[in-house]
Each structure stands twice: as structure tokens, then as C-alpha cells.
Amino acid sequence: MRMISLGFAALCAFAPFAATAQNPICEPTGEIVAAAVAARKGGQSAEAAKAGISDGLDASREGYAPAVQPLVDWVYDLPEKDLQKDVAGAWVVQCKAQ
């Protein structure tokens with residue numbers, strides 16, 4: 001979970017959203033993490049994943065574009081064995097605990 005804490009700290013430096021008791025960034029960033037994990041498992045390069053995830057953000061999520069790069073980089077730095085776990089779920093839990 002230490003990697004998740006470091007990843008979350010990096011995200012906070014890029015995300016333009018303030019943390020609150022009901023942290024609104026947790027679910028949307030968890031979706032980005034899930035998409036990055038799926039892209040990596042599917043054999044996409046990190047650059048292709050960043051482009052695809054960024055291009056796929058709808059209007060309500062486009063404010064999260066600055067978070068895509070550090071989150072994808074984090075997912076691609078994880079050990080392969082960790083991809084078998086619920087990475088996105090663990091991200092959301094850790095995010096909500098902040």
C-alpha cells in the first residue's frame with residue numbers, strides 16, 4: 001500500500017481538486033487507474049495508454065486530464081504480479097482514507 005500512498009501524493013500535486021471529507025477525486029481517479037491496469041494487461045504501451053485514457057475523458061472528467069500521466073506511470077511501474085490484485089479498488093480505499 002506504500003506505493004498507493006506515494007502515487008496518491010503525486011496525484012495531489014497534479015490534480016486541481018481540494019481534498020474534502022467526501023473526497024471527490026477518489027472515484028474518477030480510480031477509474032483512470034482501472035483503465036491503466038486494463039491497458040497494461042492488454043499489452044498497450046504506457047504512452048498509448050496515456051493517450052487513450054486522456055482522449056476517453058468525457059466533459060465531466062476532463063479536469064482529471066493532469067492526473068492521467070502520473071497515474072499511468074505509477075501503474076506501469078507496479079510489479080507485474082500486483083496487476084492480479086484489485087489495484088483500482090485499493091487506490092480508491094487509500095484515497096478515501098486520506
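This report looks at a helix pair and a disulfide in a predicted model.

## How helix 2 meets helix 4

Let's start with the two helices. Helix 2 covers residues 26–41 and helix 4 covers residues 65–77; they pack with their axes 9 Å apart, at an angle of about 45 degrees. That angle makes helix 2 oblique to helix 4. As for handedness, the crossing of these two helices is right-handed.

## Who touches whom

On the helix 2 side, the contact is made by Thr 29, Ile 32, Val 33, Ala 36, Val 37, Ala 39 and Arg 40. Across from them, helix 4 brings in Val 68, Leu 71, Val 72, Trp 74, Val 75, Tyr 76 and Asp 77. Sort the residues of this contact by type and you get eleven nonpolar, one polar and two charged.

## The disulfide

Helix 2 also takes part in a covalent link. The count of disulfides comes to one, and it joins Cys 26 to Cys 95, with the S to S distance at 2.1 Å. This pair ties together distant parts of the chain: Cys 26 sits in helix 2, while Cys 95 belongs to helix 5 (residues 87–97), and the two cysteines are 69 residues apart.

Note on methods. Residues are numbered from 1 along each chain as its sequence is written. This is a predicted model: local features need pLDDT of at least 70, side-chain atom pairs count only at pLDDT 80 or more; totals for chains, interfaces and linings use all residues. Side-chain values use heavy atoms; hydrogens and water are left out. Axes are lines fitted to C-alpha atoms, for helices over the stretch in contact, and angles run from 0 to 180 degrees between N-to-C directions. Helices (H or I, at least four residues) and strands (E, at least two) are DSSP runs, numbered from the N terminus. Angles under 35 degrees count as roughly parallel, over 145 as roughly antiparallel, 65 to 115 as roughly perpendicular and the rest as oblique. A crossing is left-handed if the near helix is turned anticlockwise from the far one by less than a right angle, and right-handed if clockwise. Contact means heavy atoms within 4.5 Å. Ala, Val, Leu, Ile, Met, Phe, Trp, Tyr, Cys and Pro count as nonpolar, Asp, Glu, Lys and Arg as charged, and the others, Gly among them, as polar. A disulfide is a pair of cysteine sulfur atoms within 2.5 Å.
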